Each structure stands twice: as C-alpha cells, then as structure tokens.
Amino acid sequence: MDTATGPQQLGGPDNARPPRLSVVVPTRNEAENIPLLIKRLAPLVVPLGAEILVVDDSDDDTPDALSRAAVDAPLPVRLLHRPASARTGGLSGAVLLGAEHARGEWIMVMDADLQHPPESAAMLATVAMRHDVDVVIGTRYAGNGSREGLDGVFREATSSWATRLVKSMFPRRLATVSDPMSGLFAFRRSAVRLDRMNPVGFKVLLELLVRHPGARVAEVAYEMATRHAGRSKASLREGANFLRHLSRLRGQRLVGQIRTRPRTLRDRLHELGRLVAFGLIGLSGMVVNTAALWFFYEPAQLHHLLGAALATQLSTTWNFLLVDNLIYRRQRRAGLAARASRFFLLNNVLLLLRLPVLQVLVWAGVGVLAANAVTLVALFLLRFVVNDRVIYTA
Ligand code: GDD
Ligand code: MN
C-alpha cells in the first residue's frame, strides 16, 4: 500500500462512530514490540473511544506483525506504511502524517518500544480529554516522573542538558514545560495547525510548542521504561538533526518577529493620519514663526535675521511639544533631554540653511515676512524628506 491512498484498516471493529482519540504510533523496525504494545494498550484505551494508527517506516516485518496483532483487537487499528522512497522527515514526518490522517479530536503520540508504559499513556489521554487544555505532555522531569529507562548515563546526561538548553532558548514558551522533548504527548486536533509545523528529526513536541505559543499546556508525570526489544533509532545523525532543528526554530522565531503581519487598511489610515497631523503641526509652526518674527521685527525693531533666528526658537519649541506629544508619543526611545536637543539641533542646522535664502530674497526686494514664509514652506517640504523620524528612531 502507499501513503497517498491513506491508512489501511488492519483489524478491529469498523466503528460507525468516529473515534474521539487517535493514538499515533511511529514505528521503524519494531516487529518484536508492536504486537505487545497493541495487546497491552488496546484494552486500556477502548473506553476512551480510541483508534490506533501506526505510521511505519520499517524494512523488517513490522507491518505483518501488526496485521496479526490487529485481527482480534477491540478497536480499529490502521496502518500507514511509507515505502523507503517516501520517508520524508523521519520520525517527525511520520508523526505529522499520522496526525493528518487521524480521525479523533484528540491525538496522542507514543513510542512503539514500550518505553512509554501503556498504562501511563492511557492515563495521560484520560486526563487530557477531561480537561480544558490543548496539549498534555508526559513528563519525566516533574512530579513522580523518571527517566530510568533512558539507556545509559550518557543518554541521560545528554537528555537533561538538551532539555536545559532548549528551555533557555525559549524561556517564555517553555516556562511551564519540564519535558519539552518528550515523545509521549497528546494534543487537541483543533488547537494545532499542522501546516505550520516543519520539524526535522525526533522532536515533534518541541516544534508543536514553539509554533503554537497560545496553546494551553499541562503535564502528567510518567516513568519511562526500558526498551522492550530491538534498538533505539537515536544516533549521532539524530543529534545533528536536533541541532539543525533548534537553529531553524530559533531563526524562524526571529523572522516571525521582524516580518510582522502584513499592513492592513488600519495601518495605512494610521500612517495617513500621522502625515496629516504632521502637516497641520508644521502649518501651525509657520503661523507661530511668522507672528514671532513680526513681533521681533516691527515693535521690537530687531534685525530681521536675528528676529528670524529667535522666532525659530519659539516655533521649534511649539513644534517639539506637539510632535513629541501627539505624533511620536508611543515611540519615544531616548529621554526628554536627548529628544529635545536632537530636535533643536536639527532645526537650527536647517535655520542656518534658511537664513542665507531669506537674505537673498530680502535683497531681491521681497518683504521680510513674506520672504520668511517662503523659506519656511520650502523647509517644510524638505522636512518630508529629512523626516523627524531620525530623532526618534536613530
Ligand atoms: N515511522 C518512523 N520513522 N518511526 C520512527 C523513526 C522513523 O524514522 N525513527 C524512530 N521511530 C520510532 C521508533 O520505532 C519508536 O517507536 C519511536 O519512534 C521512538 O524511537 P526510539 O528509537 O525508541 O527513540 P528513543 O527511545 O531514543 O527516543 C525517545 O525518547 C526521546 C526522549 O528521550 C523518543 O520518544 C523521542 O521522540 C524522545 O525525544
Ligand atoms: Mn525508545
């Protein structure tokens, strides 16, 4: 059979009612283990309305062993066998494929080698389906959990260090998760977007957790047993896959933050509003500037260049107060003194550019107030290019 046609039902009743729980079991050369797993697990999960879906990447006779065990099983047992050419994603790929074909509203993932004791798994599923949560993790690192079953001190140490590393990489998401790399977990089908998941290697749960920051997570402790028969498929290559997976998750997270959601109409209106506000403030500043220049030039009898320089300090103060409070209020990064001094520096540099032009216009016979207004308008247009944003985002 091939995966395109979907799973094949090997045995058990043809339930008229869709199952509530799909137990997805990935297998790779587990011919000696899978019959015992079915035998022990089936009676425990029948009351939950379960089906078992085995996703197999074996070269041994796991499919035959499963077929024999499924004949008189008390629940539907289905098999998806992936031929060697279709084994994409390894363990993770198999689990995701199983989840796609699962019919239950809850999906539980567990290993075939009996390291996840069927009693613990059934208990985990029961707890999950009774509570208002999205993901329930079988943990070896909390409560009465234990990882006695991890073969060898080396595996044990690697496992706990890898767990620490991963938790430190995703401190917020994994704050309440003690065993983010557990192979025993259950999730509510509707809470997970399978199309978002793209794991490499063994750590499907980690992928699920990182990709679904809003999921409600709970843990149930269990004691990991030793492998019943056969050998672990963990290898140095899986170790490398793990690192690859981590860097991908990490990178994705950053990309997700930088490439934020697409701009909506609201964003555009907001931007337009800012532009209009910016324009109105600029206009009001010109009025303030012109009025001040009139005062310094006519009644106060100051030189028109000095008057223009003083008027600019007044209008700059006016503009700063408005811009700082109305436009960039939420984007303030620097302190008040820094913002104000940048604002005044920029405006005085622009004043130095403006004064010669003003003088030329006056020499040409343009009235002082009109000449000043012309330079202000020109400057205003220039400000759209040299935006005030530099003051806030630099
Ligand atoms: N379909 C499929 N394809 N199944 C696979 C593959 C694969 O490429 N590789 C492994 N499996 C199956 C195995 O047949 C077994 O049922 C299960 O996945 C776990 O594989 P093991 O080889 O027994 O892995 P492990 O015991 O070293 O690792 C377990 O514990 C880790 C935590 O310590 C797994 O549960 C890991 O997912 C878990 O992170
Ligand atoms: Mn194992």
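User: What makes a residue count as buried here, and what percentage of the protein chain's 394 residues does that cover?
Analyst: Buried takes 20 or more other C-beta atoms within 10 Å of a residue's own, exposed is 12 or fewer, and partly exposed is in between, with C-beta atoms placed from the backbone. By that count, 37% of the 394 residues of the protein chain are buried. Keep in mind that this is a predicted model, where local features need pLDDT of at least 70, side-chain atom pairs count only at pLDDT 80 or more, and totals for chains, interfaces and linings use all residues. Residues are numbered from 1 along each chain as its sequence is written, while chains are lettered from A and ligands numbered from 1 in the order in which they are written.

User: What is the mean pLDDT of the protein chain?
Analyst: The mean is 88, and 91% of residues reach 70 or more; pLDDT is the predictor's confidence in each residue, from 0 to 100. Over residues 253-260 it is below 50, and beyond near neighbours in sequence that stretch has zero contacts in the model (a contact means C-beta atoms, placed from the backbone, within 7 Å). Residues 389-394 are also below 50, with eight contacts beyond near neighbours in sequence. Where pLDDT is low, the predicted coordinates should not be read in detail. For the complex, the predictor gives an ipTM of 0.98 and a pTM of 0.67.

User: How many helices and strands does the protein chain have?
Analyst: Twelve helices and eight strands.

User: How do you know that the span of α1 agrees with its twelve residues?
Analyst: The expected span is 1.5 Å times one less than the number of residues. For the twelve residues of α1 that gives 16 Å, and the end C-alpha atoms are 16 Å apart, so the two agree.

User: Why are the buried residues of α1 said to be on the same side?
Analyst: The buried ones are I34, L37, I38, L41, A42 and V45. They cover an arc of only 115 degrees around the axis, so they sit on the same side of α1; the arc is that of the directions from the helix axis to the C-beta atoms. An α-helix has 3.6 residues a turn, so residues three or four places apart point the same way. Among what covers those α1 residues are β2, β3, α2, β4 and α4.

User: What about α2: which residues are buried there?
Analyst: T62, A65, L66, A69 and A70. Their arc is only 130 degrees around the axis, which puts them on the same side of α2. They pack against β1, β2, α1, β3 and β4.

Notes:
Helices (H or I, at least four residues) and strands (E, at least two) are DSSP runs, numbered from the N terminus. Two residues are in contact if their C-beta atoms, placed from the backbone, lie within 7 Å.
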